[in-house]
Amino acid sequence: MSDDKRQKGIEMIGRLFGPPSGDGTPQPQPLGRYTVEHLFGDVWQQDDLTIQERSLATCTMLFALNRPEEMQIHFTGAKNVGVERTKLVGVIAHGAHYAGWPNAMAALRVLNDVWPEE
């Protein structure tokens, strides 16, 4: 079972973020195992949301929490799985009223860095 979740997790990480580059933050065990097997091998595999909806929800929470490093990773992942840039901008504009203007401005800066407007 764990091997199956690990393989599914590795595939999901690749789908979202592309092949490993070696630039990520090293994760000591058991955190690395939890990330691959549980988060991406189980949570991201549920069928209650599409991958695009799950990605957009993740981006929304990271924006609300003002986590720019993680936003950078997940905004790129959103792009990779087909979330439209306009959806991210819409979530940020809507969320500014709940999460605050400074968080929205930070999120827009990150979005423009990783996915410049065309």
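In which crossing, left-handed or right-handed, does α3 pass α4? The crossing of α3 and α4 is left-handed; a crossing is called left-handed if the near helix is turned anticlockwise from the far one by less than a right angle, and right-handed if clockwise. Before continuing, note that this is a predicted model, in which local features need pLDDT of at least 70, side-chain atom pairs count only at pLDDT 80 or more, and totals for chains, interfaces and linings use all residues. Residues are numbered from 1 along each chain as its sequence is written, and side-chain values use heavy atoms, with hydrogens and water left out.

**First stop: α3 and α4**

Select residues 51-64, which form helix α3, and residues 68-80, which form helix α4. Helices are DSSP runs of H or I with at least four residues, numbered from the N terminus. The axes of α3 and α4 come within 9 Å and cross at roughly 160°. Therefore α3 is roughly antiparallel to α4. Axes are lines fitted to C-alpha atoms, for helices over the stretch in contact, and angles run from 0 to 180 degrees between N-to-C directions; angles over 145 degrees count as roughly antiparallel.

Now display the side chains between these helices. On the α3 side are Ser55, Thr58, Cys59, Leu62 and Phe63, which meet Glu70, Met71, His74, Phe75, Gly77 and Ala78 in α4. Contact here means heavy atoms within 4.5 Å. By class, this contact of α3 with α4 has 6 nonpolar, 4 polar and 1 charged residues. Ala, Val, Leu, Ile, Met, Phe, Trp, Tyr, Cys and Pro count as nonpolar, Asp, Glu, Lys and Arg as charged, and the others, Gly among them, as polar.

**Second stop: two residues of α3**

Select Thr58 in helix α3. Is Thr58 buried or exposed? Thr58 counts as buried, at 17% relative accessibility; buried means under 20% relative accessible area, exposed over 50%, and partly exposed in between (1.4 Å probe, protein chains only). Leaving aside its neighbours within four places in sequence, Thr58 is in contact with Trp44 and His74.

Next, select Leu56, also placed in helix α3. With neighbours within four places in sequence set aside, Leu56 is in contact with Val83, Lys87, Leu88 and Val91.

Select Phe17, Phe40 and Trp44, which form one aromatic cluster. The structure holds 2 aromatic pairs; rings of Phe, Tyr and Trp (its six-membered ring) pair if their centres lie within 6.5 Å. The rings of Phe17 and Phe40 have centres 6.0 Å apart and planes at 90°, so this pair is edge-to-face, a term for planes over 60 degrees apart. Phe17 lies in helix α1 (residues 2-17) and Phe40 in helix α2 (residues 31-40), 23 residues apart. Phe17 is partly exposed, with a relative accessible area of 25%, whereas Phe40 is buried, at 6%.

Select helix α5 (residues 85-99) and helix α6 (residues 101-114), whose axes are 7 Å apart at an angle of about 160°. Helix α5 is therefore roughly antiparallel to α6. The crossing of α5 and α6 is right-handed. Among the residues that meet here are Leu88, Val89 and Ile92 in α5, and Ala104, Ala107 and Leu108 in α6. By class, the contact of α5 with α6 has 10 nonpolar, 3 polar and 1 charged residues.

Definitions and conventions: Parallel < 35°, antiparallel > 145°, perpendicular 65-115°, else oblique. Phe/Tyr/Trp six-rings, centres within 6.5 Å; stacked < 30°, edge-to-face > 60°.
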